Amino acid sequence: MVYLDAFSYQEINYLNETITNMGKQIIFIQTEARVEVPKNSLQIQETFQDRLFSPQKIIESAMRLTDLASYQMILVSKDHLKLKSAVHLPISTVLFNENPHIQYNDIGNLPDLKLGNIQEIPELFKKTTGYFSEVLSTYLSQTRKWSESGYIFKFFAHSETTSLEIISGGRYFGPKHSLYESSQLSKRIGKSKNATSQDNLFYKIFLSIIKNINDVQNVDGITRVPSRPEKKDRLAPIVNLLSKKLGISDLSSNLSCKHNYPPHKNLKKEQRFINVKDQFSASLHNSLEHVVLIDDVFTTGATMLECAKELHNVGIKKVTGLVLGVNQFADEFMDRSILCEKCGGKLHLILNNKNYSAFYGCAEYQKHGCPTLSYGDGLNRMVTENLIDLVNTNEEF
Ligand SMILES: [Zn+2]
């Protein structure tokens, strides 16, 4: 399903031809400005309510036109706003935009993918892909990964004093998000707070993300957002591995956190900026050109921007931030949980302690011998058991 606004007639024709030739159906969504579309193509008119609230009606119309379930469809738009409310619905969402940078205000509601080349849209039918760090941290079994390729996105974060380019490998879903139980990356980030078992995987992901820096050859140092003084410096070992591999300075000891500032959890954006102000200190003997600053999750950017400010203050000319994932706003009204067939308890995504494999199990699976599910089977149940049901649709608005 393609929102027509902003697509050129050439792009529309290209998508129509390639996707139809693949034996797939394409539906064009007409918005306010009517756009000419190829003859005999399927079309849906966006209503006033769709525009104001949710594209649910559009998805339902598409389901009637095609006989497909929503999770078998991909919704494509050049306008991030059109996808914002759809990212929580059981449909794939793709933002198409040649600009490599996403708007800072939009990073908390990211679609399933952000593509910048029109040829990549039909490719989605041929291969399994997603954001780079999400794909790379998804293991279908002990050794078999989901895929090795994926997309990386960039954005600029700002505070009153600093602007920082951030490159992210994917999205992070917190425990309250409906996608938390399907995201191996999010579970792995959670696990890495107290364990080193994910270090090697995260090192590999960061190594690939670094290569997406435009002038990567000028990078001469790397550091991380430091942990509070009383906490374990969990990113330092990864910084060390990266500095050795890339032959650049390890600046972990040059940036430190001075105080045990209060946790950010439950703080609003503005409060977070106040909370971290002047909490870090940097020191440097010789001036450096370009330094990479890594962190696991980006939420508001308060800590990263504050660290970047300190690095600039000691003479570092340019700082680029790299993160594994950007925190996504939770959707309290969505529930994608699946239940244990034996005890009826909720199934959770569980990471194996000894290797990288992941599976679904209930809280009691060891005690009561409840069956476990493979990652693929669990994901499949999560998708097929939580769909938009046309029969139960409330036609009243
Ligand atoms: Zn059970």
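Cys340 counts as buried because its relative accessibility is 6%, and Cys370 counts as buried at 6% as well; buried denotes under 20% relative accessible area, exposed over 50% and partly exposed in between, with a 1.4 Å probe and protein chains only. The model is predicted: local features require pLDDT of at least 70, side-chain atom pairs count only at pLDDT 80 or more, and totals for chains, interfaces and linings use all residues. Residues are numbered from 1 along each chain as its sequence is written, and side-chain values use heavy atoms, with hydrogens and water left out.

Both cysteines belong to the zinc site. The zinc ion has as protein donors the SG atoms of Cys340, Cys343, Cys362 and Cys370, at 2.2 to 2.4 Å; donors are N, O and S atoms within 2.8 Å of the metal (3.2 Å for Na, K and Ca), and sites may look incomplete because water is not among the atoms. Along the chain these donors follow the spacing C-x2-C-x18-C-x7-C. Cys340 sits in the loop between β16 (318-327) and β17 (347-351) and Cys370 in the loop between β18 (358-362) and β19 (373-374), so the pair ties together parts 30 residues apart in sequence. Strands are DSSP runs of E with at least two residues, helices runs of H or I with at least four, numbered from the N terminus.

The protein chain as a whole contains 12 helices and 19 strands. Its C-alpha trace spans about 70 × 55 × 40 Å along the principal axes. Buried residues make up 52% of the 397 residues.
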